[in-house]
Each structure stands twice: as C-alpha cells, then as structure tokens.
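Thanks, everyone, for making the time this morning. I would like to go through one model with you, beginning with a pair of helices and then moving on to the domains.

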Amino acid sequence: MNDLMSVVDWSRAQFALTAMFHWLFVPLTLGLSLIVAIMETIYLRTRSERWLAITKFWMLLFGINFAIGVATGIILEFEFGTNWSNYSWFVGDIFGAPLAIEGLLAFFMESTFIAVMFFGWKKVSPGFHLAATWLTALGATISALWILVANAWMQYPAGMEFDPVQMRNVMDNFGEVVLSPVAINKFFHTVLSGWVLGGVFVIGVSCWFLLKKRNRDFALRSIKVGGWVGFAGIILTLYTGHGSAVVVSQCQPMKLAAMEGLYNGTNGQSLVGFGILNPEKTPQNDADPMLWEVSIPKGLSCLIDWRNPDGFVPGINDLIDGKMLDTAGNPVPAVSYAERIAMGKKAHDALRDFDRAMVEGDTLAMNTARASLNENYRYFGYGYLESPYDAVPPVALTFYSFRIMVMAGGYLLLFSIVFLYIAYRRPAILSRKWLSWVGMLTIPVVYICSQSGWIVAEVGRQPWIIEGIMPTTAAISKISVASVQLTFWMFAAVFTALLAAEISIMLKQIAKGSKTNYESLKD
Amino acid sequence: MPDSKRQPRQQSSLPVRIYRFYLDGFKAMTVGRSLWLLILIKLFILFFVFKLFFFPDVLSRDYDNDEQRAAAVRSSLIDDKR
C-alpha cells in the first residue's frame, strides 16, 4: 500500500509539474495571439508604419513563446500511457476523441497560419495576412477548447456508458461531453484568463521600455491595447469564475466546501473573504475551522443563487452525512458517503460477478451483473474508499489557492483600470519609475493567479481522477516508484533549461526592440 | 521585381509555390533559426529519449490484444485496489 501511495504521489507530482510548466506557455499564446491580431487590424486600418512595427515586435514575442511551449503538452499524454494506464484505458475514446480533434484540427490550423504570419508579410495580401493572424488566435482557442473539454469530463463525467466487456467508458452523447456545464464554464474562464495574462504581459514589457525611457509612443500604444484586452479579459474571467463556482456547487459540492474551509454548512451561509485555517481541524473533531476570518454574511448563499440568500450550502461533514436542507431548513433527501461507499462496493461485486459469468459463458448471469453494475456505477469510485473521510480533498491547499486566485484577480482588475486611465488621461505619469516597476512586477502576479486557479480545480477534486467513478489510486499503473522519480527529475531538468532558454531569448529580443527607434517611423 | 522574372513563379503549381513560400521563409529567418534549433532538440528529447526509453504504453507493451488489456484492467480494478 505504501509503495502504491508513493507511485501515486510521484505520478501526481510529475503530472502537476508537467501541466503547470505547459500552462506557463498556453495562456500567453492565447492572450498574445489576440493582442497581435488587434494590433495588425489597427495597422491595416491606419497603414501606420508604427503600428506595423508594434505588431511585428509583439508577434515575435508570441513566436518565441509558441516555439518554446509547443509540444510540452504531449508529455502529459506520455504520462497517461505509462503512469496512468488503468485510467487511460478506462476513459477510452471519451478522452481520446477531444485530444485527437485537438491534434488534427487545431494544431494544423495553428501551424499553417503561423507560417503565413511569420513568412507571409511580403508574400500574401495584407488582408490575407490579417486573416491568418486572426485564424492563428482562433486555432489556439479551439486547441484549448478540446483539452478543456477532456478535463471537464474528468470533473463531471457525462455522455457515456460503461462497457464491462471492453472495460471502457464509451461515449454515447458527444453533445453532453462537449456542452456539459463544467466544460462551458471551464472553457470561457480559462481562455479569458489567457487574455488577462496576455494584456498584463504587454503592459509589463511596455513598462520596461518606459523605465529605460525608450520608445515611449510605442509603449503607450501597446499599453492601450494590452490594457483593453486585459480589462475585458478580467471582467469576463470574473463573470465566468462566478459561473464556475455555481457549477462547482452543483456538480462538485465537496470541492466548494474545501474552497471555503466549510465543515458544517448553514442556511444563509457566510462567505470567507479571508481567513486563517485552524491546522488542528479535521472533519472528525469539533475544533473551530478558522483561527481568524473576515466573512460576508450570507455571502456564499447569495453567490450561489442571489435570489436565495437563505439557501443551504453543505459543508464537508454535511456532505459526508448526507445532510441537505431546503431554504426553510427542512431536510431534503441526499445520499451519504457511507451509502455511496456501499453502492460503490456493490458495483465492484457486480463487475466481479460479470467477469466470472463472462468466463463461464453464462449470459443470464452477465445480464444480471450488468444491471446491478449500471445501477450502482455512479458511485463506482467510492467502492475504493475505506472511509467517507477519504473523499475529503486537501482543504488548506484548496482554500488558500482559491483566495490567492481571487485576490490576485481583484488586483488585476484594479491594475488594468488604473493603467487604462493613466494611458488615456494622465500619460505623463507613465514616466514614473515606481509605476513602471508595478507594471513589470505584475507579470509574475498574473502567472501566480493563473496557476492558483488550476490548483483549486485539480487539488479540490481529489481524491478523484474521474469524479465519483475513479480515484487516483485506482488509475495508476503497476510501475516502480524509482522509474517515476527518475523521469520526474529528468523533466524538471529539461523544463528548467527550456524556461531559461525562453526567458533568455525573450529578454534579448525585448532589449533589442527597446533599442530600435520606432519614433522615427511614419505614423 | 521585373515582370519577366515574376512570370515563371506565377505559373508554378500550388505545391511548388507552397514549397517556395516555406523555403524563402526559412531562409529569411533570424531569431527563428535558434528557435527551430531549440524545437528540434526538444522534439528529439521528447520523442526519441523520453517516449522511446522512459514512457512506454504499459498496456500495449505487456499485452498482445485489446481483450487481454481489458482483462488486465478489470483484474486490476476489482482485485488489486481493494
């Protein structure tokens, strides 16, 4: 069991390392491709050489980021086959289909139009070039869609039926997979957060130009475009973030309880603005969950449904006990985790019976077992749990990551408003050194915000790799801990080298760009 | 560019034009050369080192057909993990 846990932990760490590294590049690709497309559109409308130079500069940074980041996501697919072979087989074409579409459609779309973007300035008409730039941005977004659909299915498995002969979940409704409420919210929330990151990146780099007192007009124009994209992005990210929280409350209430550090919910549940969790608190004891907190009365109930400020929000213990109340405080039927575990074990027994019947060729027994399996399959994963408390995710990491994300998001809203205001109304202030430093230092903030969001999404859904159906412990392959440890450190080394290369090449090009005299170009 | 020189290119077939488009593009690259070198090194490490030596598809490696793979996963899920 200890060896199994080690393989699971190391495989999870490796997956987290790979995914977080991959996610350094993706949001910048999403945001910068849009910004470059907007800049080129302005150029085509104004025919200003300055806008052309601005477009080409940011396009170059986009290209560097794309080149370093490309194929880093492939490693995740390697890990599925090696570390997570049970999972990989079990999900069948549900996971494979969106990833295949992503590979075939979006990747080729991106690579074709990126070639036109970089090689086509003097080869194709300006209109065609602009179309290629917009299609590159669209391709990157479509690419993200399929990956996020696959991820959303893990959070909210829908549109499939389990086939015990193939031991695979077979997709029976593509629409339910693609259009699940989790998929829709996740797609918009994630892609729009890329706009924020792209906008902040452009503002931050422009601030470096201002700090060096070079190409002020170039920086000002870039800040305006980056500011608008960042502002639109953060407003829409906050809106879709709210939508995501509502969906989480319906589809993954345990995750919401962990996000809030909520153990015993009430009607008219307050929202923890910020707080310090009590490290002694567990679901099994009566300790106060918070050492200190600032709460908004009825905030969480209102956030989930603003028309119902007295709505009941279940906490960790309520979910475990199957306690659910209506607005008036009357009990509503809910399945406790002990019952879920019992149903999960029934599903396992049914699968075992099915296996035996299949070997014996007993069709009647197979059908009986299949019926029992289908009846209890919803809680199949709970059959692996030894105690209801095993279904509780790491509360502290989820709680603090959520607050880091939200607070950073609030700061980014303020940041984009302030920079837009200054760029349009008080451009003289832009020459202040402290403001340039604020702009530059916000780049790491937006990355932290983005990564924290993924920590909430992925840590908050533990112990599940597929919500309710498969825990991570069941998904793992029979491999040695040493092999996972070895590849973990190999990845760490390669990723560090790649990141160093990206930062180095980018800084070199930014420095080169700042020395170019854009002010001499015709406007 | 004089018309006499442009004429033959305009008559080229689509594949040839695409080939020349990429060829000219690659020749004119500056930063792109280092980036392509980096991409090729990265792809080599990913596919010829990691994938080949460290990331086999476990089920494909250990079993001959889908029936055996399904049986292995079934056995693993209902017996080993309890």
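At what angle do helix α5 and helix α15 of chain A pack, and how far apart are their axes? Please keep in mind that what you see is a predicted model. In it, helix α5 of chain A, residues 126-155, packs against helix α15 of chain A, residues 433-459, at an angle of about 40 degrees, and the two axes are 11 Å apart. Angles under 35 degrees would count as roughly parallel and those from 65 to 115 as roughly perpendicular, and α5(A) and α15(A) are therefore oblique to each other.

If you look at the residues that meet there, α5(A) brings A:Leu148, A:Asn151 and A:Gln155, while α15(A) brings A:Trp454, A:Ala457 and A:Glu458. Sorted by class, this contact has three nonpolar residues, two polar ones and one charged one.

Let me turn now to the domains. The domain assignment divides chain A into domain 1, which covers 2-252 + 394-513, domain 2, at 266-321, and domain 3, at 337-388. I will stay with domain 1 and domain 2 of chain A, whose C-alpha centres lie 31 Å apart. Their contact involves nine residues of domain 1 and ten residues of domain 2, and the area buried between them is about 800 Å², with carbon and sulfur atoms giving 72% of it. On the domain 1 side, A:Phe399, A:Tyr400 and A:Arg403 lose the most area to domain 2, together 51% of what that side buries.

Methods
Residues numbered from 1 in each chain as written. Chains lettered and ligands numbered in written order. Predicted model: local features only at pLDDT ≥ 70, side-chain atom pairs only at ≥ 80, totals over all residues. Heavy atoms only, no water. Axes fitted to C-alpha atoms, helices over the stretch in contact; angles between N-to-C directions. Helix = DSSP H or I, 4+ residues; strand = E, 2+ residues; numbered from the N terminus. Parallel < 35°, antiparallel > 145°, perpendicular 65-115°, else oblique. Contact = heavy atoms within 4.5 Å. Nonpolar A, V, L, I, M, F, W, Y, C, P; charged D, E, K, R; others polar. Domains from an automatic or database assignment. Buried area = accessible area lost by both parts, 1.4 Å probe.
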